Amino acid sequence: MTTPDLRLPIRPELAGEVPYGAPQIDVPVQLNVNENPYGPTPEIVADIAAAVAEAAGGLNRYPDREFRDLRDELAQFLAFESDVSGLTVENIWAANGSNEVMLHLFQAFGGPGRTALTFAPSYSMYPEYARDTLTQFATRPRREDFTIDLEQARAAIAELQPALVLLTSPNNPTGTALELQTIIEILAAAAEVPEGCVVVVDEAYAEFRRAQTPSALQLLASSPNLVVTRTMSKAFALAGARLGYLAASSEIVDALRVVRLPYHLSAVTQAVARTALRHSSELLASVAQLRAERDATVAWLQERGLEIAASDANFVYFGKFPARHEVWQGLLDRGVLIRETGPDGWLRVSIGTPDEMSAFKRALVEVLEA
Ligand SMILES: *Cc1c(COP(=O)(O)O)cnc(C)c1O
């Protein structure tokens with residue numbers, strides 16, 4: 001229902017904007033938002049329920065605003081998962097999804113007169129954080145193979161003097177991981193920005209990276225302006241819990257503590273995340289299977305003569321289709337939802353269960369033969 005005479009002082013840059021989000025369509029095979037297809041085991045469900053019940057008894061009180069127990073456990077988890085030492089609670093920050101973590105970074109380091117630089121195609125939420133914090137948003141194109149051209153990156157940093165550089169590794173929607181040397185060189189270029197520049201490596205898919213692919217976490221000890229973000233939404237199979245986190249110098253974490261809303265992480269969220277961390281090895285057990293399924297999907301798509309972007313994530317970016325929307329629609333008509341995103345001609349499929357991937361392959365064969 002619309003009110004004819006209603007005048008709202010909506011910010012001009014929001015005029016005509018629509019809320020972000022992939023279509024949530026109820027079809028049998030949902031391979032469109034990079035979720036982990038394996039839900040928690042009954043044992044983990046029971047443990048989470050018990051932890052939530054315990055938290056519920058104290059819900060008349062505000063939660064621990066600094067969530068130090070959770071931060072401490074995240075530090076221990078990262079030390080174990082990526083074999084980095086020296087991380088403590090002062091180096092960890094968390095929020096409701098790494099989306100909110102990223103918003104905090106923009107609130108603390110972006111703002112009017114400041115620029116955030118990234119390399120396209122990349123995660124489609126980045127321009128929204130910039131818009132919402134009145135930060136200038138600049139992109140430079142990735143190469144044909146979706147890697148970053150270092151010369152161009154250095155030139156862009158020197159020219160734009162950004163306050164934030166966003167590197168996504170493995171990248172979404174392409175799956176491309178960055179070499180450590182690329183990140184090291186970009187950190188060096190960022191160190192030349194007179195006002196300072198924070199380099200954020202978004203590692204939402206890091207747990208799926210192939211064996212030889214490094215994590216930027218190992219650069220933290222030598223890089224006080226580096227941030228590495230992670231999430232429990234993908235490999236951890238906990239997208240519904242909304243828990244993202246980062247590791248960085250304590251100075252960066254202290255800046256984020258200033259901009260967060262008080263008590264932004266509910267007692268329930270903290271309890272769920274801490275319980276999930278206690279079960280990290282079971283929750284991450286599906287990662288090996290998903291990686292194998294990804295590599296098999298890549299090989300299968302290649303055999304069909306399609307172009308594939310090298311993937312270190314739990315999805316595959318493939319093309320190129322002269323009319324990708326028809327391919328997307330054809331799959332949807334057969335009950336398979338994937339994602340139409342990034343440069344024209346390409347489609348992204350998340351890795352599901354073996355049954356879901358069979359359904360995807362069957363449907364794609366039909367669509368391409370039609
Ligand atoms: C999915 C995703 C995230 C994670 O979002 P959450 O808010 O943690 O669910 C962050 N960055 C990228 C690039 C992603 O694809």
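Contact here means heavy atoms within 4.5 Å. Keep that in mind as we walk through this predicted model.

**Stop one: helix H8.** Select residues 267–278, the 12 residues of helix H8. From the first C-alpha to the last, H8 reaches 17 Å, close to the 16 Å expected at 1.5 Å a residue. Now show its side chains and pick out the buried ones: Thr269, Gln270, Ala271, Val272, Ala273, Thr275, Ala276 and Leu277.

**Stop two: Arg71.** Stay with helix H2 and select Arg71, which has its place there. Is Arg71 buried or exposed? Its relative accessibility is 2%, and buried means under 20%, so Arg71 counts as buried. Next, display the backbone of Glu66: its oxygen lies 3.0 Å from a polar atom of the Arg71 side chain. To see what else surrounds Arg71, leave aside its neighbours within four places in sequence; besides Glu66, the residues in contact with Arg71 are Val89, Glu90, Ile92, Trp93, Val253 and Arg257.

**Stop three: a surface patch.** Switch to a surface view and select Leu6, Leu8 and Ile10. Together they make a nonpolar patch of about 320 Å². Centre on Leu8, in the segment before strand S1 (29–30). Why does Leu8 count as exposed? Exposed means over 50% relative accessible area, and Leu8 counts as exposed because its relative accessibility is 56%.

How values were computed: Residues are numbered from 1 along each chain as its sequence is written. This is a predicted model: local features need pLDDT of at least 70, side-chain atom pairs count only at pLDDT 80 or more; totals for chains, interfaces and linings use all residues. Side-chain values use heavy atoms; hydrogens and water are left out. Patches are made of residues with over 30% relative accessible area and no salt bridge: like charges are joined within 9 Å, nonpolar side chains (Val, Leu, Ile, Met, Phe, Trp, Tyr) within 5 Å. Accessible areas come from the Shrake-Rupley method with a 1.4 Å probe; for residues, only the protein chains shown count as cover. A salt bridge is a side-chain nitrogen of Lys or Arg within 4 Å of a carboxyl oxygen of Asp or Glu. Helices (H or I, at least four residues) and strands (E, at least two) are DSSP runs, numbered from the N terminus. Buried means under 20% relative accessible area, exposed over 50%, partly exposed in between (1.4 Å probe, protein chains only). The expected span of a helix is 1.5 Å times one less than its number of residues. A polar contact is a pair of N or O atoms within 3.5 Å; within protein, one must be able to donate a hydrogen and the other to accept it, and residues adjacent in sequence count only if both atoms are side-chain atoms.
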